[in-house]
Amino acid sequence: MKRACPAATGQALKSRQLRSKGTTMKVTNLLAAAALTIAGTTSAYAADPVTLNFFHSRLAFMEPILKGFKEAHPGIVINEQAPAENYSAADQSVIRGMMTNSAPDVYLSSYSSLPTIVGVMQDRGEATPLDSLFAKQGADWQKANYAPAVLDLAKVDGKQFAVPFTASLPLLYVNKELVEKAGGNVDNFPTSWDGVIELAAKISALGNGVSGIGFSVGGLSDDWYWQMMVMGAGDHMLNGKATGIGYDNEAGMKALRITQDMAMKTGMSVYADPKPAQQQFFAGKIGMVVESPSDLVAYETAIGDRFTMRTVRFPLIDAKKGGLPAGGNALMILTRDEAKRAAAWEFIKYMTSPQVQAEVSKASGYMPTNVQTAKVLESFYAAHPNFQTVFKSMDAAMPWFAYPNNTAPDVWRGVAPILDQLQRGKITPEAAMPKLREHVASVMAAK
């Protein structure tokens with residue numbers, strides 16, 4: 001499962017991979033040409049090649065990007081290690097590598113994993129932030145390429161330990177025809193959850209096996225969906241002392257009530273996995289689903305011409321105080337070897353350059369992390385409005401909450417079934433809150 005962005009179905013991912021392979025040569029040529037504008041790299045390493053071990057979770061668009069870098073930078077050899085199936089597996093592999101001095105030189109970490117990986121590095125006395133590398137480039141260069149809010153996503157304790165490679169916020173993927181049949185308008189879509197739930201109920205009332213919404217909050221392998229609801233209510237996942245939940249209040253109760261209402265008031269089917277709702281959406285049987293923009297290309301490919309898909313902003317429970325957990329990933333330098341760090345820095349600058357970020361966005365739907373990319377993509381965005389929605393949501397971006405001491409899996413193991421029962425109507429919000437309170441407190445006490 002892709003943390004910042006839940007994994008696309010096998011059918012959609014296969015389609016995206018085929019599309020990527022079909023355009024590999026075109027993309028590679030563009031990226032190779034763009035890389036030549038990054039001064040000094042080839043000449044600096046041509047006499048004495050540097051090999052970097054690069055590790056990431058499986059991304060279909062990575063192949064042409066790496067090929068472009070290798071062709072333009074013969075002095076830096078990128079050894080792409082076998083990609084992990086998901087972030088959790090990748091994290092554990094990297095942590096084991098640290099313990100055996102076999103960690104990769106560059107790691108593409110999810111934002112939620114950064115504090116854990118940095119914590120392990122700090123415990124081993126190996127934590128070296130990237131602030132000095134940014135300082136050498138100069139403040140003008142940094143300002144020209146990266147917005148402060150984007151860089152903040154990859155900071156730990158105020159220090160820059162990684163550079164954002166992709167960024168995403170949750171969106172509603174909407175079936176335009178079903179919305180209109182139910183009397184709605186995608187260009188004037190509800191901005192509150194009460195309005196979304198009302199519209200979803202009308203879509204469900206159309207009959208013929210159609211459902212209004214698919215959003216099983218307990219159905220992921222991590223709490224990304226649940227963080228959307230808690231943060232969207234203006235609350236915190238843990239209290240200030242990290243001893244228990246931070247949403248044991250009226251805002252938290254509202255998040256629980258809306259989580260139940262979206263299922264109970266619309267007749268939504270609750271699943272333990274997002275795939276069934278995805279498949280039904282592809283078939284035109286669900287009016288709206290929650291997804292990351294990173295799956296935009298995969299969804300468009302899977303839907304084809306069956307219906308018109310539009311993306312709209314994910315509603316906040318509290319429009320003034322609420323925020324959304326930013327998904328995506330960032331490039332970390334784990335090696336302490338000076339020559340490899342210098343080469344890794346050139347690799348990171350290439351990967352986050354405007355041209356590369358433009359190709360990543362077009363191949364996936366992720367929001368580019370380089371501010372200059374918007375100009376590169378002007379004509380593309382004009383022709384593909386679905387790709388612009390995430391930009392309109394960035395005012396709500398917040399760092400993905402990272403639980404201390406790698407306790408996220410234990411927290412979610414107990415929270416997920418409670419939310420599942422809540423959406424199935426088996427328990428009330430009032431009964432769910434103490435269950436959540438007790439479970440998270442027990443995990444935090446054992447950390």
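These legends accompany several close-up views of a predicted model.

Figure 1. The chain holds 447 residues, and 56% of them are buried. Among contacts with a separation of 6 or more, 78% join residues 24 or more positions apart. The chain exposes about 18000 Å². Carbon and sulfur atoms supply 51% of that area.

Figure 2. The average pLDDT of the chain is 89. A score of at least 70 is reached by 89% of the residues. Where pLDDT is low, predicted coordinates should not be read in detail.

**Figure 3. Helices α21 and α22 pack against each other.** Two packed helices are described by the angle and the distance between their axes. Helix α21 covers residues 408–423, and helix α22 covers residues 429–445. Their axes come within 9 Å and cross at roughly 175 degrees. That angle makes α21 roughly antiparallel to α22. On α21, the contact is made by D410, V411, G414, V415, I418 and L422. On α22, the contact residues include P429, A432, K435 and L436. H439, V440, V443 and M444 of α22 also take part. By class, the contact has 10 nonpolar, 2 polar and 2 charged residues.

**Figure 4. Helix α12 is largely enclosed by the rest of the structure.** The helix spans residues 224–232. How many of its 9 residues are buried? The count is 9 of the 9, so α12 is largely enclosed. The buried residues include W224, Y225 and W226. Q227, M228, M229, V230, M231 and G232 are buried as well. G234 follows α12. The phi of G234 is positive, near 85 degrees.

**Figure 5. Helix α6 packs against helix and strand neighbours.** Helix α6 runs over residues 114–123. Of its 10 residues, 7 are buried, so α6 is largely enclosed by the rest of the structure. The buried residues are L114, T116, I117, V118, G119, V120 and M121. Which elements do the buried residues of α6 pack against? They pack against α5, β3 (106–110), β4 and β13 (324–333). G125 follows α6, with a positive phi near 70 degrees.

**Figure 6. G97 is a buried residue of helix α5.** Helix α5 covers residues 87–99, and G97 lies within it. The relative accessibility of G97 is 4%, under the 20% limit, so G97 counts as buried. Leaving out residues up to four places away in sequence, G97 touches S102 and A103.

**Figure 7. D157 and N406 have positive phi values in loops.** Most residues other than glycine have a negative phi. D157 has a positive phi, near 55 degrees. This residue is found in the loop between β4 (155–156) and β5 (159–160). Is D157 buried or exposed? At 69% relative accessibility, D157 counts as exposed. N406 is not a glycine either, and its phi is positive at about 55 degrees. N406 lies in the loop between β14 (397–399) and α21. At 34% relative accessibility, N406 counts as partly exposed.

Terms used:
Residues numbered from 1 in each chain as written. Predicted model: local features only at pLDDT ≥ 70, side-chain atom pairs only at ≥ 80, totals over all residues. Heavy atoms only, no water. Buried < 20%, exposed > 50% of the residue type's maximum accessible area, 1.4 Å probe, protein only. Contact = heavy atoms within 4.5 Å. Areas by Shrake-Rupley, 256 points an atom, 1.4 Å probe, with all protein chains shown as cover. Axes fitted to C-alpha atoms, helices over the stretch in contact; angles between N-to-C directions. Helix = DSSP H or I, 4+ residues; strand = E, 2+ residues; numbered from the N terminus. Parallel < 35°, antiparallel > 145°, perpendicular 65-115°, else oblique. Nonpolar A, V, L, I, M, F, W, Y, C, P; charged D, E, K, R; others polar. pLDDT = per-residue confidence, 0-100.
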